[in-house]
Number of protein chains: 2
Amino acid sequence: MRRVNQSTRLKPVCIIGLGLIGGSMLRDLVAQGHTAYGYTHSRNGTRAAQRDGFDASNSLVDVLQRAQADDALIVIAVPFDAVAEILDAIQLHAPDCGITDVVSVKKPVYELVLARGMGERYVGGHPMAGTEHSGWVASKEGLFSHAAWVVTYDYALEVDRVPDCWSALFAQVCKLAAATGAEAVPVRVTPHDEAVARVSHLPHVLAESLALVGDKGGTLAQSLAAGSFKSATRVAGTDPALVRNMCETNAESLVRVLDEYVELLETARQDLSGPAPSMKQLSENGHRAYTRMNARSGARRESVSPIKISSRPVMRLHPGAPGWVQQLKQIESLGGRVEVF
Amino acid sequence: MRRVNQSTRLKPVCIIGLGLIGGSMLRDLVAQGHTAYGYTHSRNGTRAAQRDGFDASNSLVDVLQRAQADDALIVIAVPFDAVAEILDAIQLHAPDCGITDVVSVKKPVYELVLARGMGERYVGGHPMAGTEHSGWVASKEGLFSHAAWVVTYDYALEVDRVPDCWSALFAQVCKLAAATGAEAVPVRVTPHDEAVARVSHLPHVLAESLALVGDKGGTLAQSLAAGSFKSATRVAGTDPALVRNMCETNAESLVRVLDEYVELLETARQDLSGPAPSMKQLSENGHRAYTRMNARSGARRESVSPIKISSRPVMRLHPGAPGWVQQLKQIESLGGRVEVF
């Protein structure tokens, strides 16, 4: 069995798609001294990345052949609707490389992988970071600092014996996340898709809808809109095509949380109607929920120290060691992170 | 008639309530070299403001008597549920001072003013700025920079002839706004309350509700919540008592925009259900609305210059000059700002 230990270097990383996420990864990896290069279908994006001093190509075939020669880790960083095509190209031009991705839905990607018999070479990923901007020009170093980086492991639960190459790939993906300053959070694809429907895709639907209601207020509403409106609509600035990719691909989970949400608004409406309008319930319960959400999500600063510390419980584990997949299930149930050695 | 011109100094300003808004005003005014002092019912707040070098008192009667002696402009900066009591105290201890306020609903405050026969001494205000924090400790210089500062003028439309003292008071309130770096935006109380229901009170309801839906996702959702969730729930960190004051007092307008909003979500739900989920409509229309809202609201940077410029059309006018109230109506219809001279 091939041992993966703390001193294992990250393999060369080949990033397919150099938008906000892929581009920011490339910047971080190079800044940390790793070998990393990428492909983008956009000629402008390729030129911009090259001008910024990065190793970027506009030829998918060239980049994949190089990855195959390098035994690189391939990261698929394109919107969901382009994933199938990229997987097919990988089959053809980089048949031996390990693969991960950063797509914001995980079950549909995993299904594309399994349909191609590529499960043994794939560990899904999803860094929970971004902005409302897109493309290479929006990419930046440090985007993933202290972010959760979801790493999926369904394959390890589905096979009788986890192949060593898969354990090693899992370790590589965790190291990739760590190299960008993120925290590897093991989650299976279905709970992932349900959770991001709540905390990411629903917020996009709400932001788009609020932008529309605000805009209906005409120039006066435009002139008066300030902090609360701007925060709540920020992600409506995202490229609509990206929003569609996320939300449409995760529609089933999204509809379920949308129903939960509308039910809360209908209760609020009832409480606010009539002779004695009340926001007591919603404002007090909402504030408590806000406090709980902020206690856990992401890094926080200690009151007496400028150092950011993680608020996620950590488990150190060795991919491939006895019981390690059970450990992943445990840490998933706590929303915790893993450090691999 | 008493002339108010550009060179008129701001009168001393007496701020009743030194929370986030009142405290930040006090900081700005003093920093700009104006005479300003304040009252807060909180002993801790008083001590904290004094420690920071500001002229703050814990005695409402003392402060109002001083305002009367100074011929100060009084600013009511308390939550709505304390306004009636403050107006009564002003009647008693500062019977000749002009009054403005910074409460986020304007019709209910105006009704309290009229019920006490104080219309001639009152010009309503509402600076569109804030954070999710409250109290003196949250106050800071520059909070109102380039913000819209609503200035109401219903009284001028309701009387046969606008008294000179009212015109002078209107000018003072515009100068007060300008002294903090804000932009005076004339709006009547009813359109104000409708517009802020859309762009401020609705976002609070949405943030509280999203915090609850996120929290229902348990530790995993907590761990994965990132930018889009944090932006969209930020104002759920506001003190629930303040949220209740705003939303309950403006419930009628709020319920109307809540209905508009739920209708959009129900259309979204329909589009996302079924075999071919689509977010095309909502993401494209929402993105266009977002772009329009951002073109107008607040200051923006010119691409070639670091200077922030206002995106609101400006009208210069002289309060009391012939036709000036009609000018206010015109500029209100454009969501514009006034500069008084």
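Reply: Begin with the nonpolar core: a set of buried Ala, Val, Leu, Ile, Met, Phe, Trp, Tyr and Cys residues joined through side-chain atoms within 4.5 Å. Buried means under 20% relative accessible area, taken with a 1.4 Å probe over protein chains only. This is a predicted model, in which local features need pLDDT of at least 70 and side-chain atom pairs count only at pLDDT 80 or more, while totals for chains, interfaces and linings use all residues. Residues are numbered from 1 along each chain as its sequence is written, chains are lettered from A in the order in which they are written, and side-chain values use heavy atoms, without hydrogens and water.

Me: How many residues has the largest nonpolar core, and which have the most contacts inside it?

Reply: The largest core holds 88 residues, and Leu224(A), Tyr261(A), Leu224(B) and Tyr261(B) have the most contacts inside it.

Me: Which residues is Leu224(A) in contact with, leaving aside its neighbours within four places in sequence?

Reply: Contact means heavy atoms within 4.5 Å. The partners of Leu224(A) on that basis include Met128(B), Val150(B) and His192(B).

Me: How is chain A divided?

Reply: Domain bounds come from an automatic or database domain assignment. Chain A has domain 1 (13-187 + 311-340) and domain 2 (193-297). Their centres, taken over C-alpha atoms, are 30 Å apart. Between these domains, 18 residues of domain 1 of chain A touch 16 residues of domain 2 of chain A.

Me: How many salt bridges cross that interface?

Reply: A salt bridge puts a side-chain nitrogen of Lys or Arg within 4 Å of a carboxyl oxygen of Asp or Glu. The rule finds one across the interface of domain 1 and domain 2 of chain A. Arg234(A) forms a salt bridge with Glu132(A), with 2.8 Å between the closest N and O atoms.

Key. Buried means under 20% relative accessible area, exposed over 50%, partly exposed in between (1.4 Å probe, protein chains only).
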